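Subject: the two-chain model, handed over

Hi,

Here is the structure I said I would pass on. Have a look at it first, and my notes follow below.

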Amino acid sequence: MSKNTADRVIAIVADYKEKPEDEITSETTLDELEMDSLDAMNLIFELEEEFDIEVPDDKVTEMKTIGEMVEGIEKLIELKEKGETVELADTGSNASEG
Amino acid sequence: MRRVVVTGIGIISALGLNAGEFRKELFAGKSGLKDAANVDISDLKYSKVGEVIGFDEKEHFEKKMLPFLDRFSHFGIVSAREAIKDSGMTWETDTERERTAIITGTGAGGQGNLDDFYIDLFCNKKTRFPPTVVPRAMSNAVASHISMENGIYGPTYTITTACSSSNHAIGQAFHSVRIGTVDCAIAGGSETPLSYGNLKTWECMRVVSQDTCRPFSKDRSGMILGEGGATIVMETLESAEKRGAEIYCEIVGFGMSADAHHLTNPSSDGASRAISGAINDAKLNPEQVGYINAHGTGTQANDPMETEAIKKSFGEHAENIAISSTKSMHGHTLGAAGAIEAVATILALKHGTLPPTANFTEPDPKCDLDVIQNEAREKQVEAAVSNSFAFGGLNASVAFKNWR
């Protein structure tokens, strides 16, 4: 895990949840941060803006911890650098809850 | 039938950030219509708006809530907080929570503030957007937030009938309490039409004044748009007396009608039906009504139509009724107008002071009623009516009675 990416993710999460950065580690879960689904969507949006990536809908639900978030983001950055954007654009169509 | 009284008010408008500031400016006859400060409309044909100045949402909401809240929600929620605090009402039991209604009105909700979203989407070709656009913009957001903040489980919904929205909301809430569906209701409305795109659409209708808003005045030249929100707390008289709550006034009647005529050209028959409906619903004699807070948009079409409607409803007594349009001070706040003007009417009854029509210059023979010109009038009236007439020909009037 690149420290740089992890630090940037933690900084964004800490700012979003108004918590000190040192209380958030790669093991911290979104449940522990008391994030509901819409909170998580908001956070994903902020991370997309920060890293200039697009997180596919099916990947959003897979990210349960900060560590998984960092790994996912690093993978998306890697795919983007390789020019493999087709998969990233395929975002599915079942995101709505009502 | 049960009697219904107002025990709390809250308001944010161009006349200030709370009910105290509103009352002071309202009775001083000060117009809050000024050149737009928060939005650049220098290329539009008009420059004045009724803008809320000095409101900082960060003082009222936690940071994590802000992405979910449009400006129309800020005004709706903050005015509801003020009204609830003012009423002293608390909800302890599930039964109390179930027997309280929340009914809000708005014309466009947050839809009017999507300029930035559409510019990014269509012009800047941006592909990523926050997931909160929909819950921010939805018209029922204010009602939902008030419910969540206070743990209220009863009938909660939003009415959108353009400029009559919040009068319909207040009227429906009043009927719900009177017939016993609920024992308490929080009702009001909010609107924030001061985005560039929205202001442009109003310019296209050619109903906005390039001067200022001068209702019932011979040289009137149109409306001025305003933003804001207002909420009232109402409950049964029995409940208010049991709590020892301070009573502002009684709500006694509600009338509604449709013109069935034209989308934008109002009909005095339709307006009169709503006014008479409120008087009859209240079981008031027309002679008991001493003040009307007019719809009074300041357009060429509305003011003579409303004059005629008042004459149709009150006959010869029409000339004895003091009339004012407080839109001359806070602007036309569309879906919030009924709620803001209800607060003006409630304060008029409570304090024995009738607010004026500001910016008035010269009487118009077509509007030959007793228009209160520029200065408030010290007069305790027995009953008052507040009118809202919407585009689409949908009318709502609410009757209030002095409590002493």
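On α4(A), the face turned away from the buried side carries K75(A) and E78(A), both exposed. One thing to keep in mind throughout: this is a predicted model. The buried residues of that helix are I66(A), M69(A), V70(A), G72(A), I73(A) and L76(A). They cover an arc of only 165° around the axis, which puts them on the same side of α4(A). I also checked the length of the helix, which runs over residues 66-81 of chain A. At 1.5 Å a residue its 16 residues should span 22 Å, and the end C-alpha atoms are 22 Å apart, so the two agree. After α4(A) comes G83(A), with a positive phi near 85°.

If you take the contacts in chain A between residues at least 6 apart in sequence, 63% of them join residues at least 24 apart.

Where do the chains touch? Nine residues from chain A and seven residues from chain B take part in the contact. On the chain A side, helix α2 (residues 37-51) gives the most, with six residues. By class, that side of chain A divides into four nonpolar, one polar and four charged residues.

Now the sheet in chain B. It is an open one of 11 strands, in the order β5-β4-β6-β7-β1-β8-β15-β14-β9-β10-β12, and the pairing is mixed. β5(B) and β12(B) (370-371) stand at the edges with a single partner strand each, so one side of each is left without a neighbour in the sheet.

Eight of its eight residues are buried, so β6(B) is largely enclosed by the rest of the structure. In a regular strand the side chains alternate between the two faces of the sheet. Here both faces are covered, with C184(B), I186(B), G188(B) and S190(B) buried on one side and A185(B), A187(B), G189(B) and E191(B) buried on the other. Its pairing with β4(B) is parallel, over six bridges, and A101(B) stands opposite A185(B). With β7(B) (residues 228-236), β6(B) runs antiparallel, joined by eight bridges; there G189(B) stands opposite A230(B).

The other is β14(B), which is mostly covered, with eight of its eight residues buried. On one side you will find A383(B), V385(B), N387(B) and F389(B), and on the other A384(B), S386(B), S388(B) and A390(B). Strand β9(B) (residues 289-293) runs parallel to β14(B) (residues 383-390), and four bridges join them. V289(B) has A383(B) as its bridge partner, while N293(B) stands opposite S386(B). Eight bridges join β14(B) to the antiparallel strand β15(B) (residues 394-402), and F389(B) is partnered there by N395(B). The hairpin of β14(B) and β15(B) has three residues between the strands, and G392(B) takes a positive phi near 95° in it.

Then the helices of chain B. α2(B) lies across β1(B) (4-12), β4(B), β6(B) and β7(B), running at about 135° to β1(B). α2(B) is also among the elements that cover the buried residues of α6(B), along with β4(B), α5(B), β5(B) and β6(B). Those buried residues of α6(B) (residues 141-150) are A141(B), V142(B), A143(B), H145(B) and I146(B). G151(B) follows α6(B), and its phi is positive, near 65°.

Last, a helix pair. α7(B) (residues 165-179) and α13(B) (residues 337-351) pack at an angle of about 65°, with their axes 5 Å apart. S165(B), S166(B), N167(B) and I170(B) in α7(B) meet A337(B), G338(B), A339(B) and A342(B) in α13(B). By class, this contact has four nonpolar, four polar and no charged residues.

Cheers

Terms used
Residues numbered from 1 in each chain as written. Chains lettered and ligands numbered in written order. Predicted model: local features only at pLDDT ≥ 70, side-chain atom pairs only at ≥ 80, totals over all residues. Axes fitted to C-alpha atoms, helices over the stretch in contact; angles between N-to-C directions. Helix = DSSP H or I, 4+ residues; strand = E, 2+ residues; numbered from the N terminus. Contact = placed C-beta atoms within 7 Å. Nonpolar A, V, L, I, M, F, W, Y, C, P; charged D, E, K, R; others polar. Buried ≥ 20, exposed ≤ 12 C-beta atoms within 10 Å, placed from the backbone. Pairing = 2+ DSSP bridges. Expected span 1.5 Å × (residues − 1). Arc of directions from axis to C-beta.
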